[in-house]
Amino acid sequence: MTDAPMVGSRRRATGASLRLAILLFVADPQWLVPATIAPIIFGLVSFELFRGEGPYFLTYAILGAGMMSMWGQTLYGSGWATGQDRNLGTLEPTIQAPTPYLYVVLGRIIWNVVSGLIGGVIVYVVVVIAAGGPPALPNPLLFVVMFVFVMVTLASVGIVFAAAFVYSRFSGFIQNIGEFAFYIGTGCMFPVILLPFWTNPIALFFPPTWALDALRYISIPGYVGFGWGWQWDVVGAVVVTAVYAAIAGTLFHRVERHVLEVGNLADY
Amino acid sequence: MATPLRSAYQPKFWKAFWTNAVLAPRTSLGFMRLDFVLGSIFVIPLTQMVFFVFVVHLGGGGQSEIEFTAVGNAVATITYTSVFAVCQTTDTEKQQGTMEHLLVSPANRFALYVGRGIIPILVSLATVAVGLVYADVFFQVPIPASTIPALAVSVTLTALAMVGFGLLLGGVALYLRTSIILGNIFLFIGLLLSGVNFPVSNLPVPLQWAGDALPLTWGLSAIRAAIAGDSLSSLGVLWGAVALSGIISIGLAMGLWGVFERRALATGAIARF
């Protein structure tokens with residue numbers, strides 16, 4: 001009896017949050033520009049560095065740059081997902097609302113990932129124009145499915161970051177200074193197995209590492225990634241994403257309890 | 001009678017210069033919190049170099065390409081503090097509501113604006129120095145001790161020119177709603193146009209011309225020439241080019257600020273978002 005209205009409330013909260021995020025974006029879409037400049041340039045630089053190495057290296061450059069665009073949006077958007085409530089003074093009222101805060105943030109994170117995808121499309125168009133043609137894709141349908149899956153894994157990271165950033169004054173530091181580390185650690189532009197072996201287990205803590213490896217397996221013939229193949233990559237990504245979702249739920253629950261007990265979360 | 005009164009209220013040049021140099025990191029410059037500064041010096045050069053070196057490695061590049069990329073990115077990270085942080089001064093002044101006060105201040109404009117660049121110049125020097133140490137230690141870029149004096153001159157001139165370029169962007173941003181987009185463009189555009197990851201000659205000719213307009217292109221050439229142990233005569237030409245690009249940037253920045261100041265005083269609109 002009590003669950004049904006709550007489920008509706010949560011869905012409405014996420015929908016409203018998503019709608020507001022879209023409206024804010026439409027009102028001032030220039031903010032997509034900073035998020036796409038770096039990936040476009042990195043994509044073009046990589047394309048130049050890969051020139052002459054074979055047709056599938058264009059896929060590396062495009063996938064890598066597109067992934068960086070989505071990563072960038074997720075990383076910056078997650079920090080801002082709770083930061084905006086702090087700045088605007090709406091953190092306490094939003095947390096006091098009967099709907100769990102997680103569902104409000106979820107709407108913002110979904111839009112971050114989608115806007116990252118828009119950035120990814122822009123990157124794709126620019127690099128394809130520079131290359132003179134689109135990359136060859138052996139299995140376009142599976143590619144699309146896997147690409148959506150990569151977005152889901154990124155959203156799971158985004159929501160954990162959003163929760164963790166509530167407790168931190170260093171979200172700006174992590175976003176700006178740690179940006180390249182995330183790109184390297186999740187193998188955005190090159191397979192993680194190229195990195196020293198000790199870094200690989202750390203990289204596997206991030207769901208996009210698994211999902212991106214699987215995506216490359218199905219889009220680049222002869223790709224050499226993790227030895228267990230793309231099917232196990234998908235299984236690994238699902239498991240780690242589920243763990244992230246559980247962590248996000250726990251963290252947000254704790255955030256809400258903490259703010260009600262201490263009442264100082266909105267302070268910088 | 002007007003002159004003594006004016007001089008009585010006119011802050012001394014060096015006082016204005018020094019006050020701005022010391023206060024700007026805490027007031028108007030972006031990304032000058034201690035954690036950001038340390039991250040810019042020690043973390044960003046390493047991660048950016050690792051990223052592009054592995055891209056080169058994947059693309060089948062050998063040791064010479066890796067060295068080229070490592071040095072290029074060690075120097076290119078200078079843009080975080082010299083361009084991105086400096087060009088945000090305008091935004092900060094507007095946000096804090098201090099732009100109007102600044103525009104009516106009698107302080108010498110050169111001291112006011114260039115003084116702000118002192119700390120970024122020092123941070124930029126540290127960033128490139130640490131980046132070149134990383135290049136030597138992690139990517140086996142040979143930097144003979146005999147080249148260090150010429151390298152120091154090249155790095156110092158590059159830092160000065162790049163901060164001048166940051167001030168120029170800050171001047172342009174005075175007329176924009178925000179400097180973030182401008183800052184982001186010039187934060188990374190050098191990676192493509194300045195010969196950071198591959199020789200400029202690989203680019204189409206119009207893009208080579210665009211690259212020539214950036215101080216980073218000349219600074220990087222001077223630094224590469226210094227590491228290669230080029231003669232003083234060839235280095236002198238490059239140093240002259242770097243210095244010239246810095247002087248032009250600062251000159252244009254001062255000119256732009258002057259134009260926009262007059263416009264602000266006439267219309268009262270520039271200081272607003």
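## Basis of the report

Two residues are in contact if their C-beta atoms, placed from the backbone, lie within 7 Å. The model is predicted: local features need pLDDT of at least 70 and side-chain atom pairs count only at pLDDT 80 or more, whereas totals for chains, interfaces and linings use all residues. Residues are numbered from 1 along each chain as its sequence is written, with chains lettered from A and ligands numbered from 1 in the order in which they are written.

## Interface of chain B with chain A

In chain B, 28 residues are in contact with 25 residues of chain A. Two or more residues on the chain B side come from each of α3 (34–58) and α11 (180–193) of chain B, and α3(B) gives the largest share, 14 residues. Helices here are DSSP runs (H or I, at least four residues), numbered from the N terminus.

## Packing of α3(B) and α4(B)

The axes of α3(B) and helix α4 (residues 63–76) of chain B come within 9 Å and cross at roughly 155 degrees. Axes are lines fitted to C-alpha atoms over the stretch in contact, and angles run from 0 to 180 degrees between N-to-C directions. The two helices α3(B) and α4(B) are therefore roughly antiparallel (angles over 145 degrees). Residues of α3(B), including P45(B), F52(B) and H57(B), meet residues of α4(B), among them E65(B), I66(B) and A74(B).

## Packing of α5(B) and α10(B)

Helix α5 (residues 78–87) of chain B packs against helix α10 (residues 148–173) of chain B at an angle of about 30 degrees, with the axes 7 Å apart. That makes α5(B) roughly parallel to α10(B) (angles under 35 degrees).

Note on methods:
Parallel < 35°, antiparallel > 145°, perpendicular 65-115°, else oblique.
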